[in-house]
Amino acid sequence: MSKEHQLLETIQQRIYKMIDRKTTQYIQRDNPTDVTTMQAIVLQYIMVESKKRDVFNKDIENFFVVKSSSVTSMIHFLERGGYVRREDSAEDGRMKQIRALPIWTARRLRRRRKRSCGR
């Protein structure tokens with residue numbers, strides 16, 4: 001990879017991060033939630049694509065051009081929040097299919113978590 005290409009890629013990543021931070025701040029000011037803008041976009045991708053086919057981590061990595069570790073941590077966060085669930089694939093038991101859960105499930109889990117923390 002050339003130095004110019006690396007520089008452009010670094011600038012692009014910084015711009016994406018800055019846009020993500022600013023958009024998240026704006027969204028959370030008007031609609032407080034524990035989901036970042038990028039997580040919301042990935043969740044929407046999962047919801048739309050899972051109607052057509054099975055969705056896996058690799059699909060998200062390829063579509064959004066992000067590292068596998070980033071996708072894994074994002075999916076883990078969304079799973080803990082009750083937004084998605086990982087299931088064994090019917091074709092390959094080693095792979096985990098990602099399914100979006102109904103939004104009310106996430107809201108119910110969030111309320112339960114707040115009550116248990118005393119908020």
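The model is a predicted one, so to speak a calculated picture: local features need pLDDT of at least 70, side-chain atom pairs count only at pLDDT 80 or more, and totals for chains, interfaces and linings use all residues. Residues are numbered from 1 along each chain as its sequence is written, and side-chain values use heavy atoms, with hydrogens and water left out.

Starting with the overall layout, the protein chain has five helices and two strands. Helices (H or I, at least four residues) and strands (E, at least two) are DSSP runs, numbered from the N terminus. Going along the sequence, the elements come in the order α-α-α-α-β-β-α. The chain has 119 residues, and 25% of them count as buried. Here, buried means under 20% relative accessible area, exposed means over 50%, and partly exposed is anything in between (1.4 Å probe, protein chains only).

Take Asn57, which sits in α3: at 17% relative accessibility, Asn57 falls in the buried class. Leaving aside residues up to four places away in sequence, Asn57 touches Val71, Thr72, Ile75 and Ile98. Just past the end of α3, Val65 takes a positive phi of about 50°.

Val48 belongs to helix α2 (residues 37–49) and is partly exposed, at 41% relative accessibility. Val48 and Ala100 are 52 residues apart along the chain, yet their C-alpha atoms are separated by 9.3 Å. Gly81 sits in the loop between α4 (68–80) and β1 (84–88), where Gly81 is buried at 7% relative accessibility. From Gly81 to Asp34 is 47 residues in sequence and 8.5 Å in space, C-alpha to C-alpha.

Next come the charged pairs. The whole structure holds nine salt bridges, each being a side-chain nitrogen of Lys or Arg within 4 Å of a carboxyl oxygen of Asp or Glu. In general, an α-helix has 3.6 residues a turn, so residues three or four places apart point the same way. Glu61 is buried, with a relative accessible area of 12%. Another salt bridge links Arg53 and Glu49 at 3.3 Å, N to O. Arg53 is partly exposed at 34%, whereas Glu49 is buried at 15%. A further pair is Lys96 and Asp88, whose closest N and O atoms are 2.4 Å apart. Both ends of that pair are partly exposed, Lys96 at 41% and Asp88 at 49%. Salt bridges with shared partners also tie Glu49, Lys52, Arg53 and Asp59 into one network.

That leaves the surface patches. Patches are made of residues with over 30% relative accessible area and no salt bridge; like charges are joined within 9 Å, and nonpolar side chains (Val, Leu, Ile, Met, Phe, Trp, Tyr) within 5 Å. For charges, Lys and Arg count as positive and Asp and Glu as negative, while His and the chain ends are not counted. The place of a charge is NZ of Lys, CZ of Arg, CG of Asp or CD of Glu. Arg14, Lys17, Arg21, Lys22 and Lys67 make up a positive patch. Among them, Lys17 is in helix α1 (residues 3–30) and is exposed, at 55% relative accessibility. A nonpolar patch is built from Leu7, Ile11, Ile15 and Ile19, which together have about 360 Å² of accessible area. Leu7 is part of helix α1, and at 53% relative accessibility Leu7 is exposed.

Key
Areas by Shrake-Rupley, 256 points an atom, 1.4 Å probe, with all protein chains shown as cover. Contact = heavy atoms within 4.5 Å.
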